[in-house]
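Have it open while you read.

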Amino acid sequence: MNNFTIMKCFNVSKNACLKNSRISSILRPLAFRYHCRLQVQCLHFSGCQTQSHMRGVCQRNQIVRFCSSQQDKKLSAKRQHLMYFIYLSFAMGGCLVVAIVLNQLDETKQRFKGIERVKDELQTGRPQMIRYKDTMLPIFVERILGDIEDFETDENDIWVVSFPRSGTTLTQELVDLVQSEGDFVRVVTMTLEERFPYFEYMYPGIKSIKKMDSPRLIKSHLPFSLLPKSVREGKAKVIYVARNPKDTCVSYFHFVQLLKPTFRFNGNFNDFFSRFINNKVPYSPWWRHVKEFWDIRDSPNILFLKYEDIVEDLAGTVLTIAEFLGKDIHPMEVKTIAEHCSFDRMKYNKNLNYSWWKETGIADKEGQDFIRKGKVGDWRKMFDVNQNLQIETMKYLKLNECGLRFDEGIEEKLTAADTADKIS
């Protein structure tokens with residue numbers, strides 16, 4: 001028996017010693033009998049308290065409790081653990097409050113720089129985009145905007161620039177082979193990311209690009225107005241590729257679906273279209289992106305290409321790029337490059353199809369391939385009448401005066417699979 005309770009303990013005079021009191025005469029034998037330490041609760045002490053001497057006043061009808069030494073140690077340990085948990089909770093709460101405050105201060109600092117973080121309701125986790133100078137940009141650009149502006153390029157550098165999903169990969173491969181004068185050893189031993197790095201992306205990063213040997217081949221999705229100052233001043237050759245907005249939108253949607261582990265967009269095509277037409281996807285607005293380069297297409301350091309023309313005549317595009325880069329290319333090399341850059345060859349080329357994204361977790365392992373169809377006019381399998389009208393209205397209002405036109409492909413009969421894709 002470890003615990004006793006004795007009700008209605010006796011009164012003790014204010015100056016009486018507990019060990020000589022009537023309470024003591026009753027309780028001490030019980031404590032001795034059960035080999036437990038005497039512990040009196042609910043006493044109001046007026047003096048010092050020690051193991052040998054305790055002065056106090058016992059209230060009437062209070063509970064006097066005996067606890068064994070073993071149980072007392074357990075209670076003390078539990079109380080100590082509870083205090084540890086309380087302290088830990090306070091510490092964690094404090095850290096959380098500090099993190100929130102620092103994040104708010106950082107956002108305020110970024111706003112002073114003209115940077116606004118944008119959170120999409122259909123994206124989980126942290127914001128994935130920012131708005132800067134009326135342009136939507138991916139979040140990974142936020143910390144390097146100053147480095148982008150100050151990046152020094154030279155006249156030997158070759159840039160391939162485009163709005164996302166406009167034929168960038170195809171154009172990069174064509175440019176690389178023309179510039180290297182058909183060096184197929186290079187293209188079969190290195191991935192496209194290694195040969196032609198993505199300028200504003202985290203990997204390999206601007207610092208690594210600065211160390212590359214000249215001539216540097218660089219890819220970017222930035223609009224002309226946000227490219228480095230040295231590029232805007234004409235110190236590098238820039239090849240821009242544009243694609244009709246309808247096929248661009250469809251391809252962009254499938255690309256975002258592929259990148260669900262990182263971009264985390266959980267909407268359907270209708271949701272994505274609404275964001276595309278309202279300039280709420282990375283690098284939008286589309287119309288201004290293409291118009292900025294269209295307006296300077298006659299500059300000696302700018303080559304403006306259309307994706308629809310490239311896939312229609314790969315060999316002719318090879319010659320156009322060679323002329324722009326000042327390269328003499330043999331007709332046999334033109335044919336070989338065109339065959340290498342055909343859709344079927346590129347789709348299954350492991351150095352071009354970004355299959356390594358699935359292995360590293362950037363892309364959905366069960367998602368579609370990075371190089372999907374590449375057809376002109378595939379938008380008809382996804383668009384409804386209203387969506388088509390919205391794009392046509394945008395083109396008329398934004399591009400009609402500048403004279404930029406696109407081939408949107410011929411109408412094809414929908415299959416059952418295409419109808420299912422459209423519904424989803």
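Predicted model: local features only at pLDDT ≥ 70, side-chain atom pairs only at ≥ 80, totals over all residues.

1. Leu 82, Met 83, Tyr 84, Ile 86, Tyr 87 and Phe 90 make up a nonpolar surface patch, and together they have about 650 Å² of accessible area. Phe 90 belongs to helix H2, residues 69-112. With a relative accessible area of 63%, Phe 90 counts as exposed, since the cut-off for that is over 50%.

2. Phe 293 is buried at 0% relative accessible area. Phe 224 is buried too, at 19%; the limit is under 20%.

3. Have a look at Tyr 252 and Phe 272 as well, another edge-to-face pair, with 5.4 Å between centres and 65 degrees between planes. Tyr 252 sits in helix H9 (residues 245-258) and Phe 272 in helix H11 (residues 269-277), so the pair ties together parts 20 residues apart in sequence. Tyr 252 is buried at 4% relative accessible area, and Phe 272 is buried at 2%.

4. Which residues form one aromatic cluster? Tyr 252 and Phe 272 are among them, along with Phe 163, Phe 253, Phe 265, Phe 269, Phe 273, Phe 276, Trp 379 and Phe 383.

5. Finally, charges over rings. The charged end of Lys 246 sits over the ring of Trp 379, 4.3 Å from its centre. Arg 243 lies over the face of Tyr 307, at 4.5 Å from the ring centre.

Conventions: Residues numbered from 1 in each chain as written. Heavy atoms only, no water. Patch = residues over 30% accessible without salt bridge, like charges linked within 9 Å, V, L, I, M, F, W, Y side chains within 5 Å. Areas by Shrake-Rupley, 256 points an atom, 1.4 Å probe, with all protein chains shown as cover. Salt bridge = Lys/Arg side-chain N within 4 Å of Asp/Glu carboxyl O. Helix = DSSP H or I, 4+ residues; strand = E, 2+ residues; numbered from the N terminus. Buried < 20%, exposed > 50% of the residue type's maximum accessible area, 1.4 Å probe, protein only. Phe/Tyr/Trp six-rings, centres within 6.5 Å; stacked < 30°, edge-to-face > 60°. Lys NZ or Arg CZ within 6 Å of the ring centre and 35° of its normal.
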